[in-house]
Amino acid sequence: MADQDIARILELEDERFDAVLAKDFDAFARLCHPRLSYTHSNGLRDTLESYVEQCRAGVYDYQRIDHPVEEVILVGDTALVVGRMEADLQVNGRSTRLDNGSLAVWTREGGTWKFLAYQPSPRPSGIQSSRQPTDKENEESMVKKVNEFRYEALPMRVTFGAGTLASLPEEVRSLGLKRVLVLATPFQKDLAEQVSEQLGELSAGVHAEAEMHVPIESAHKARERAESAQADGYVAVGGGSSTGLGKAIALEFGMPIIAVPTTYAGSEMTPVWGLTANGEKKTGRDPKVLPTSVIYDPELTLTLPVGMSVTSGFNAIAHAVEGLYAPDGSPIISLMAEEGVRALVRALPSIVENPADKDARSDALYGAWLCGATLGATTMSLHHKLCHTLGGTFNLPHAETHTVVLPYALAYNQDHAPQAMPALRRATGAENPAAYLRELSLKLGAPGSLRQLGLEEADIEKAVAIATKNPYSNPREVTEKGIRDLLTKALNGADL
Ligand SMILES: NC(=O)c1ccc[n+]([C@@H]2O[C@H](COP(=O)([O-])OP(=O)(O)OC[C@H]3O[C@@H](n4cnc5c(N)ncnc54)[C@H](O)[C@@H]3O)[C@@H](O)[C@H]2O)c1
């Protein structure tokens, strides 16, 4: 199977170069994912639309392309083609020769491989674009030596699209399950009952008692319910709380979870569980809690109130931001993280303007998927540690806390995370991503300070002590003074 996929990818690589040489840009576009990200040798980047437009306008006019492939790396439904790009072309009428390393990314959707991203590497002689890159762009170019990395793909199966909830019974059967317990919060009980009805004899009933941060008592109760219902799997419908309850049961009994997320929190993409006992939240990683299958149906997010959509979206962006400077990051994670941020910052303003905008809802959920996958594959740093402390010890609301803290945590780290900044600048279109995220959150009506969420001046020292007690990875040294300043700014909603 892998050999067949590799052979197919090699064929498609030939086809895309042939199409460009033949100036058949319609054929080229058909091979591409609509979200193609094409980075030129000087770091300038095109979308599918802008690349095709430039080619049609003759800005890029290829005469010769050779593209020896060195390796095709298959990671689930993603293929990385590592090789060289040797070409003669005219750029704005100027003869240019390319001779550089190249990385092409293909993704499989609905059984068809699509060209998703291209990036040259290492820094080549450089093609000239219609404009010269600024010094800053040169400095921050994505074209860099790919450092050593490890990447472990999580076995996940994703179904995405409006109306895909209808495929749930088929999905349950295809996993060989006979009786699944539907989990939700009390607030989403009606939705859980509809889902149960849709499942018919495949349903073992509804347990709509999920709570934020999974109190241990609620996990015990759900485990008893799963046992008495003789369930052989679970369907977790809702946000991180429902998924979290499914994980708490799976931690004890194993058995597959099918997640149907209705927020942007991203828990469905991670093997991370959380349980709260005696006021303390413990988290851990265990592959058996990773949902086996995830159905992302944007229609289910139409009811997510605007305020929650914004803060939940920022919760997702936070995963991507920290994934970009994570100690165990990798090129594929960076691509996902950047695209996730791009999709969310584009979608959230449209959702605020019109919560029923289905395209924006779809974009946001797509971004949330990518950000969640980033969270699942990497180790989070200071921002997540602070939010965990503020949620666990001071009972601050999860998504809102992420929204307020993120710009300050990023401002603390951004001069120490050069690897993350070009991606964040491209995704946000802003020179200072921390200040941009702060402004965006306020513009979209999110809470602006930790004080608004219930934190008090007197809590700061305790939070500093917890957040600095144990060492953890972070691009910048975590000092008491640094964290005190950061939290004081976030407490007061200081300008960035
Ligand atoms: N383990 C992980 O990897 C991970 C990742 C992210 C979050 N989490 C956890 O998830 C929890 C937070 O999750 P969350 O932010 O998704 O909130 P949530 O699941 O607690 O949902 C908040 C409320 O909104 C309701 N809701 C959800 N979707 C809705 C919709 N589409 N329409 C109307 N109402 C809807 C829920 O029923 C609930 O009442 C926290 O406990 C957090 O620690 C875990």
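1. Gln230 sits in the loop between helix H7 (216–228) and strand S11 (233–238). Helices (H or I, at least four residues) and strands (E, at least two) are DSSP runs, numbered from the N terminus. Phi of Gln230 is near 50 degrees, a positive value in a residue other than glycine. Gln230 is exposed, with 10 other C-beta atoms within 10 Å. The classes count other C-beta atoms, placed from the backbone, within 10 Å of a residue's own: buried is 20 or more, exposed 12 or fewer, partly exposed in between.

2. The model is predicted: local features need pLDDT of at least 70, side-chain atom pairs count only at pLDDT 80 or more, and totals for chains, interfaces and linings use all residues. Residues are numbered from 1 along each chain as its sequence is written.

3. Met255 lies in the loop between H8 and strand S12 (257–261). Its phi is positive, about 70 degrees, although Met255 is not a glycine. Met255 is partly exposed, with 18 other C-beta atoms within 10 Å.

4. The ligand is surrounded by 27 residues (C-beta atom, placed from the backbone, within 6 Å). The closest are Gly239, Gly240, Thr263, Ala265 and Ser267. Helix H8 (240–253), strand S13 (272–277) and H13 each supply at least two shell residues. H8 gives the most, with four residues.

5. Domain 2 (157–300) and domain 3 (302–492) both give residues to the shell around the ligand, so the ligand lies between them. Domain bounds come from an automatic or database domain assignment.
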